[in-house]
Amino acid sequence: MNLDLSPRERELAKLGREFCDKVLLPLEMVVEEHGELPHDRREGVRQAVRDWGLAGINHSKADGGLGLTMLEQTVIEEQLGRTTNGLWTCVWRPPVSLRFGSPEQKRDYLLPSNQGRRRGAFAITEPGSGSDNRAVETRADRRGDKWVLNGEKWFVTSYNTSDFVIVHAHVDGDPDKPTLFLVDSSAPKLRHLRSPKFMHNYAFDHAELRLEGVEVGDERMLGRIGQGFELTKDWFVETRLQIASHTLGAATRAAEIANAHAGSRVQFGKPIRDFQAVEFMLADMAVDIYAAKSMLYRLAAEMDRGLDRKIIHARASALKLFCSEMAGRVVDKALQILGGRGYMRENPVERLYRDVRVDRIWEGTSEIQRVVIGGQLRKRGLDVYTGW
Ligand SMILES: Cc1cc2nc3c(=O)[nH]c(=O)nc-3n(C[C@H](O)[C@H](O)[C@H](O)COP(=O)(O)OP(=O)(O)OC[C@H]3O[C@@H](n4cnc5c(N)ncnc54)[C@H](O)[C@@H]3O)c2cc1C
């Protein structure tokens, strides 16, 4: 068992850290002030992603991406996760489901997405369908040689920096026919309803959309009728690893800030770390991070070694659950150690506190991850998690 990162993995982690420090961190207060990344700053960041060689981080070279292993992506994403206000999303990850597109779809959507010339958002959630994806009401009906899409989508992340949306709809309104469609943002009858404010500030938005008879041809169907969940399953696995990486980066940054503060802040004549109450918080934070990092790197390496897809799915849920909850615990303790300073918006820990809360909600809530894990235990036994 080799537990060392390779020189290349270390190099990529360093690249991610430098990009984060030099390009993203200076934008944190800009987003804090404006509630999003101002439009006139967006092209500059996009160009920086290209210049730093980070475009197409999650796709193969054949599809115009970087061809990185999962562990290589992970060590970069971990560093990006140090940023607040969702700035990590500036390093775009074109949807995994585009890999399963036709050669024309890859040419028109995946390739330009990897190059940063296009960007896609993903729309599955609806007012009546969150955790329960089968309750999706957006439907696709055949009219002549077109598909007609009707429905409402919520929380469509990064819509205002995207020029297409992958819409999850049920053909004929049948939940057994979940299907993905590529819808250009410019499509007539696709209405942007609003982009509400959220607890975190985010570089882009989370939009609400209505499809009011949007027409698309067969060439905009991704995969086949009924393949909607199958194509997004791999995506959910990757986004769960991505969330684990970001929360690890966020927790590590918060812990570093708290650790430094505990050494320099003097009360009652001594550094506050000399109070065991504070030191025990730091100890718990370090252990939490240690466990999360071990889990994350292990699963990423296992994926690179070709671990069975079903086991990957099972473990990705456990990883996402643990890392998102770990970050909540760590950032909360970091804020406590900082006292009133931790509650100030100019303090990164305050922003991290707000930022990591959503990680227990999106890409499957903590409860849904437990449902998945419980199901795996019943189906495959404890060994999926306890075996080595
Ligand atoms: C900032 C943000 C960005 C998002 N971005 C996107 C996006 O880009 N595209 C997209 O499609 N969606 C997006 N989402 C939606 C996100 O995936 C959903 O919010 C999430 O899946 C939960 O759905 P819900 O909010 O409807 O909650 P619900 O499903 O209504 O759940 C409410 C509560 O009930 C619990 N619950 C539900 N079912 C069960 C069960 N079976 N067992 C136990 N407990 C259960 C949940 O865990 C939760 O605590 C985003 C959400 C947010 C907040």
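Modeller: Gladly! A residue is called buried when its relative accessible area is under 20%, exposed when it is over 50%, and partly exposed in between, using a 1.4 Å probe and protein chains only. Keep in mind that this is a predicted model: local features need pLDDT of at least 70, side-chain atom pairs count only at pLDDT 80 or more, and totals for chains, interfaces and linings use all residues.

Biologist: Is Phe-155 buried, exposed or partly exposed?

Modeller: Phe-155 has 43% relative accessibility, so it counts as partly exposed. Phe-155 sits in strand β3, residues 146-157. Its backbone also deserves a look: Phe-155 is not a glycine, yet its phi is positive, about 60°.

Biologist: What about Asp-172, and where is it found?

Modeller: Asp-172 belongs to the loop between β4 (164-171) and β5 (178-184). Asp-172 too has a positive phi of about 60° without being a glycine. With 41% relative accessibility, Asp-172 counts as partly exposed.

Biologist: How are helices and strands picked out, and how many does the protein have?

Modeller: They are DSSP runs numbered from the N terminus: helices are H or I with at least four residues, and strands are E with at least two. By that rule, the protein comes to eleven helices and ten strands.

Biologist: Now the whole fold, please. How does the radius of gyration of the protein fit a compact globule?

Modeller: The radius of gyration is taken over C-alpha atoms, and the globule rule is 2.2 Å times the number of residues to the power 0.38. For 388 residues, that puts a compact globule near 21 Å, and the protein agrees because its own value is 21 Å. Along the principal axes, the C-alpha atoms fill a box of roughly 80 × 50 × 40 Å. Of the 388 residues, 54% count as buried.

Biologist: What share of the contacts links residues 24 or more positions apart?

Modeller: A contact means heavy atoms within 4.5 Å. Among contacts with a separation of 6 or more, 73% are between residues 24 or more positions apart. Leu-209, in strand β7 (residues 206-216), makes a handy example. Setting aside neighbours within four places in sequence, Leu-209 is in contact with residues including Gly-151, Val-156, Tyr-159 and Leu-190. Leu-209 is buried, at 2% relative accessible area.

Biologist: Where does Gly-223 lie?

Modeller: Gly-223 is in the loop between β8 (221-222) and α6. Gly-223 is partly exposed, with a relative accessible area of 26%. Not counting residues up to four places away in sequence, Gly-223 touches Phe-100 and Leu-231.

Biologist: Let's turn to helices. Which residues of α5 are buried?

Modeller: First, the general idea: an α-helix has 3.6 residues a turn, so residues three or four places apart point the same way. In helix α5 (residues 103-114), the buried residues are Gln-105, Tyr-109, Leu-110, Pro-112, Ser-113 and Asn-114. They pack against β4, β5 and β8. After α5 comes Gly-116, with a positive phi near 85°.

Biologist: Why is α9 largely enclosed by the rest of the structure?

Modeller: Helix α9 (residues 348-355) is largely enclosed because seven of its eight residues are buried. Among them are the charged-group examples Glu-350, Arg-351, Arg-354 and Asp-355. The buried residues of α9 pack against α2 (28-34), α6 (228-264) and α8 (309-338).

Biologist: And how many disulfides are there?

Modeller: A disulfide is a covalent bond between the sulfur atoms of two cysteines. Here it is counted when a pair of cysteine sulfur atoms lies within 2.5 Å. A search of the whole structure finds zero. The cysteine sulfur closest to that of Cys-20 is in Cys-90, 11 Å away, which is too far for a bond. Cys-323 is in no disulfide either, as its nearest cysteine sulfur, that of Cys-20, is 18 Å away. Cys-20 is buried at 0% relative accessible area, and Cys-323 counts as buried at 0% relative accessibility.

Notes:
Residues numbered from 1 in each chain as written. Heavy atoms only, no water.
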